[in-house]
Amino acid sequence: MIRRFVRQKFGSGGLVAALTVLALLEILNLSANGVERGFAMANWAIFILAAGSVSRDISSGALQMILARPIRRTRYLYGRYAGILASYAVFLVVTSVLASLVVEFLVPRSPSATELPPDALAAGLGAAFLSGAFQAAILLFFSTFLPGIADLLGLLLLYLILNLPQLSQAPWLRTLAENARENMLPSVEWSAVFRGDGVFGAATGRWIFALTVYLVLAAVVFSRRELPYGQD
């Protein structure tokens, strides 16, 4: 399943072109701003890789052919998720290596020149990967029951629903929304975690729990869904 996903994604010329553009923009960003403001384009890459990861196979009828073999639905589903992470890791590693080469050999050396220390670059890469893994889990969940790339719309609506109450004048509503965000869309300072601060903190625990919930819900919905044949 992982190999199939990687071949499927990197076999698309349009997708490779989009990832190439994002990689070039990310390289320019890292070269100009360093790791502190780097990997700003990484989320766009995970959106491209994870959008419609399951729903497209369902609508095309490919999934029905795959499941005709002795393959469990959960194996297919988590294989798709692992394929997303593998593809995303390739994007991040290649982008980081190229950015390091650009800074080392092409950027003029001066006292104010941007540097990309290997440890800081690795920490930034790890933070981007974990953030992308969480976004991919949410998209995987929505892709099990929403058609096409409507999973991106589902992710956008989730963020809007949990952030709009901030504009409310009701304190209880803002508090409720804040608690929901902390549990459904937890924010973790990965740079501090990689330094050993807050490894077992509440934010990290909420992140692990939320990630697990999205993946389990995706498996439950997908396992119970009646699959149509051919186009929806």
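**Burial and packing in a predicted helical model**

The buried residues of α3 pack against α1 (2-10), α2 (13-33), α6 (73-105), α7 (118-143) and α8 (150-163). This is a predicted model, in which local features need pLDDT of at least 70 and side-chain atom pairs count only at pLDDT 80 or more, while totals for chains, interfaces and linings use all residues. Residues are numbered from 1 along each chain as its sequence is written, and side-chain values use heavy atoms, with hydrogens and water left out.

Me: Why is glutamine 135 called buried?
Reply: Glutamine 135 has a relative accessible area of 9%, and buried means under 20% (exposed is over 50% and partly exposed lies in between, with a 1.4 Å probe and protein chains only), so glutamine 135 counts as buried. This residue lies in helix α7, where helices are DSSP runs of H or I with at least four residues, and strands are runs of E with at least two, numbered from the N terminus.

Me: Which residues does glutamine 135 contact, leaving aside its neighbours within four places in sequence?
Reply: With those neighbours left aside, glutamine 135 is in contact (heavy atoms within 4.5 Å) with Asn43, Ile46, Phe47, Leu155 and Tyr159.

Me: Why is leucine 101 called partly exposed?
Reply: Leucine 101, which is found in helix α6, has a relative accessible area of 43%; because that value falls between the two cut-offs already given, leucine 101 is classed as partly exposed.

Me: What puts the buried residues of α3 on the same side of the helix?
Reply: In α3 (residues 42-50), the buried residues are Ala42, Ala45, Ile46, Leu49 and Ala50. They cover an arc of only 115° around the axis, which puts them on the same side of α3; the arc is that of the directions from the helix axis to the C-beta atoms.

Me: What is the span of α11, and what is expected?
Reply: Helix α11 (residues 202-224) has 23 residues and reaches 33 Å from its first C-alpha to its last, close to the 33 Å expected at 1.5 Å a residue, where the expected span is 1.5 Å times one less than the number of residues.

Me: Which residues touch the most other members of the largest nonpolar core?
Reply: A nonpolar core is a set of buried Ala, Val, Leu, Ile, Met, Phe, Trp, Tyr and Cys residues joined through side-chain atoms within 4.5 Å. Of the 60 residues in the largest one, Tyr81, Tyr88, Phe91, Phe134, Ile138 and Tyr214 touch the most other members, and the largest share, twelve residues, comes from α7.
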